[in-house]
Amino acid sequence: MGELPLAMQAAMLRVLEDGSYQRVGSCETQQARCRIIAATHRNLEQLVAQGRFRQDLYFRLKIVQKSIKPLRERPCDLTLLIDQFGDAMRQKHGLPTVQLPPDTRAALERYRWPGNAREVRNVIEAAVLCADGAIGLECPPPEVTRPPETSTEPVVAGTAGEGLAAVRDYERQLILGLLRKYRKVNHVANALGIARSTLYRKFAELAIDQSEFTQAGHDERPIARDGIH
């Protein structure tokens, strides 16, 4: 909600006031009967003071408020999410039962989860794809299973460059895990839902030598480049 542009905020206010709205590209006014549940991680009062959020919309939305603690402060919810996403991802990819050993579960529950539920879902999906019957400690990205820091120094947010490096490292670990599991490039591409040409480009970008994992390095050859990306 805090990211809505001012023009969209005005449209939202009209819906809340009298239920009227217009579809994109239409001049005909429609009526809606609905309840609005808005969520944001932004400080709306601060945005109002900065002129970036309409004050009238803020007070119109401010009827029932509830603050939700971050996932790291809700261990019971985390346990449920891990199990729920694990089962959902297994069904999504048509996989048989995937076990979650105690040491991997303990590592997942120990991690701080700065991305909350979305991060849990993505990590579990990647781990399920990399698993071979059981989600070992090598399946989730390394920062998730890394032992907790013993230092009492406060955690400082990384720079954008560090964040990009972490994403690339996660991507590399995911591809390596799938190569170890399937041993065939086309199977890895299918698991990731991307074209083989895209996967070969990822090999080059992430310095991955797929011949170390494919069978003797002979049964998988790069497809001819046609200049289309």
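Me: How many helices and strands are there in the protein?

Reply: Please keep in mind that this is a predicted model. The protein contains ten helices and two strands. Read from the N terminus, the order of its elements is α-β-β-α-α-α-α-α-α-α-α-α.

Me: What percentage of the residues count as buried?

Reply: Of the 229 residues of the protein, 28% count as buried. A further figure concerns contacts between residues at least 6 apart in sequence: 64% of these join residues at least 24 apart.

Me: Which residues touch the most other members of the largest nonpolar core?

Reply: In soluble globular proteins, nonpolar side chains tend to be buried together. Here the largest nonpolar core has 37 residues, and Trp113, Val120, Ile124 and Phe203 touch the most other members. At least two residues of this core are supplied by each of H4, H6, helix H8 (160-182), helix H9 (185-192) and helix H10 (196-205). H6 gives the largest share, eight residues. A second, separate core has nine residues, including Leu13, Leu47, Phe53 and Tyr58.

Me: At what angle do H4 and H6 pack?

Reply: Helix H4 (residues 75-92) and helix H6 (residues 116-130) pack at an angle of about 45°, and their axes are 9 Å apart. That angle makes H4 oblique to H6. The crossing of these two helices is right-handed.

Me: Which residues of H4 and H6 meet?

Reply: From H4 come Leu78, Leu81, Ile82, Phe85, Gly86, Met89, Arg90 and Lys92, and they meet Ala117, Val120, Arg121, Ile124, Glu125 and Val128 in H6. Sorted by class, the contact of H4 with H6 has nine nonpolar, one polar and four charged residues.

Me: Are H9 and H10 roughly parallel or roughly perpendicular to each other?

Reply: H9 and H10 pack at an angle of about 100°, with their axes 9 Å apart. Angles of 65 to 115 degrees count as roughly perpendicular. H9 and H10 are therefore roughly perpendicular to each other. Val185, Asn186, Val188, Ala189 and Leu192 of H9 make the contact with Arg196, Leu199, Tyr200 and Phe203 of H10. These residues divide into seven nonpolar, one polar and one charged.

Me: With which residues is Phe203 in contact, leaving aside its neighbours within four places in sequence?

Reply: With those neighbours left aside, Phe203 is in contact with Ile175, Leu179, Val185, Ile208 and Gln210.

Me: Where does Gln210 lie?

Reply: Gln210 lies in the segment after H10. With a relative accessible area of 14%, Gln210 is buried, since buried means under 20%. Leaving aside its neighbours within four places in sequence, Gln210 is in contact with Leu179, Val185, Tyr200 and Phe203. Leu179 and Val185 are also among the contacts of Phe203.

Me: What is the phi of Asn116?

Reply: Most residues other than glycine have a negative phi. Asn116, which is not a glycine, has a positive phi of about 55°. Asn116 lies in helix H6 and counts as partly exposed, at 30% relative accessibility.

Terms used
Residues numbered from 1 in each chain as written. Predicted model: local features only at pLDDT ≥ 70, side-chain atom pairs only at ≥ 80, totals over all residues. Heavy atoms only, no water. Axes fitted to C-alpha atoms, helices over the stretch in contact; angles between N-to-C directions. Helix = DSSP H or I, 4+ residues; strand = E, 2+ residues; numbered from the N terminus. Parallel < 35°, antiparallel > 145°, perpendicular 65-115°, else oblique. Left-handed = near helix turned anticlockwise from the far one by under 90°. Contact = heavy atoms within 4.5 Å. Nonpolar A, V, L, I, M, F, W, Y, C, P; charged D, E, K, R; others polar. Core = buried A, V, L, I, M, F, W, Y, C linked by side-chain atoms within 4.5 Å. Buried < 20%, exposed > 50% of the residue type's maximum accessible area, 1.4 Å probe, protein only.
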